[in-house]
Amino acid sequence: MPFEAVETGKLRYGNGNPESEAYDSLTDVHVDAAGNRIEGRIPWILLNIADPSTKRRIATDWSEGLSTVAFDYLTVSVGTFVPDAARDGRAADIGGSTNLTDHLPERDGSVVRPAEYTWDPWDRPAYEERLKQSYHILRDQYRSADLTDQA
């Protein structure tokens, strides 16, 4: 098989609310301007976390292979910018000391200071079952299919 690279770090913008007409189950980032919120869903593996339930991350020393090590918390910061359409979505120059338009938690000059985020380990995660968007399409196809032996 030839090598095929897949961009895993590009986040998909959309609506992650299952009650919405515009719902997209693959959404990573959603901006709710009316509610003054940004919702982000980042897969654990993009954060280098092998097992969030036991707080174990993939070791960063590649000589250790894919071994895991324990950790206590993540450091998190968020920044937004005005995209420059002429530069393939990169940040536009807005004439300040930085091109950030908003940030969390706080900024010291041009550096956004991260916050620590932690959680309690778990044995059984909380979850909510719901049908995927394609459920009814597949159900109808199976109902109409001729499944008799054609041999």
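**Sheet and loop briefing**

Arg-57 has Val-69, in E5, as its bridge partner. The model is predicted: local features need pLDDT of at least 70, side-chain atom pairs count only at pLDDT 80 or more, and totals for chains, interfaces and linings use all residues. Residues are numbered from 1 along each chain as its sequence is written, and side-chain values use heavy atoms, with hydrogens and water left out.

**Sheet**

- Strand E4 (residues 56–58) pairs with E5 in the antiparallel sense, over three bridges.
- Strands are DSSP runs of E, at least two residues, numbered from the N terminus; two of them pair if DSSP finds at least two bridges between them.
- The open sheet has three strands in the order E3-E4-E5, and the pairing is antiparallel.
- E3 (49–51) and E5 (68–70) are the edge strands; each has a single partner strand, so one side of each lacks a neighbour in the sheet.
- On average, neighbouring strands of this sheet are turned by 45 degrees against each other, direction ignored. Axes are lines fitted to C-alpha atoms, and angles run from 0 to 180 degrees between N-to-C directions.

**Positive phi in loops**

- Asn-36 sits in the loop between strand E1 (29–32) and strand E2 (37–40). Its phi is near 55 degrees, a positive value in a residue other than glycine.
- Asn-36 is exposed, at 71% relative accessible area. Buried means under 20%, exposed over 50%, partly exposed in between (1.4 Å probe, protein chains only).
- Asn-48 belongs to the loop between E2 and E3. Phi of Asn-48 is near 70 degrees, also positive in a residue other than glycine.
- Asn-48 is partly exposed, with a relative accessible area of 28%.

Definitions and conventions: Helices (H or I, at least four residues) and strands (E, at least two) are DSSP runs, numbered from the N terminus.
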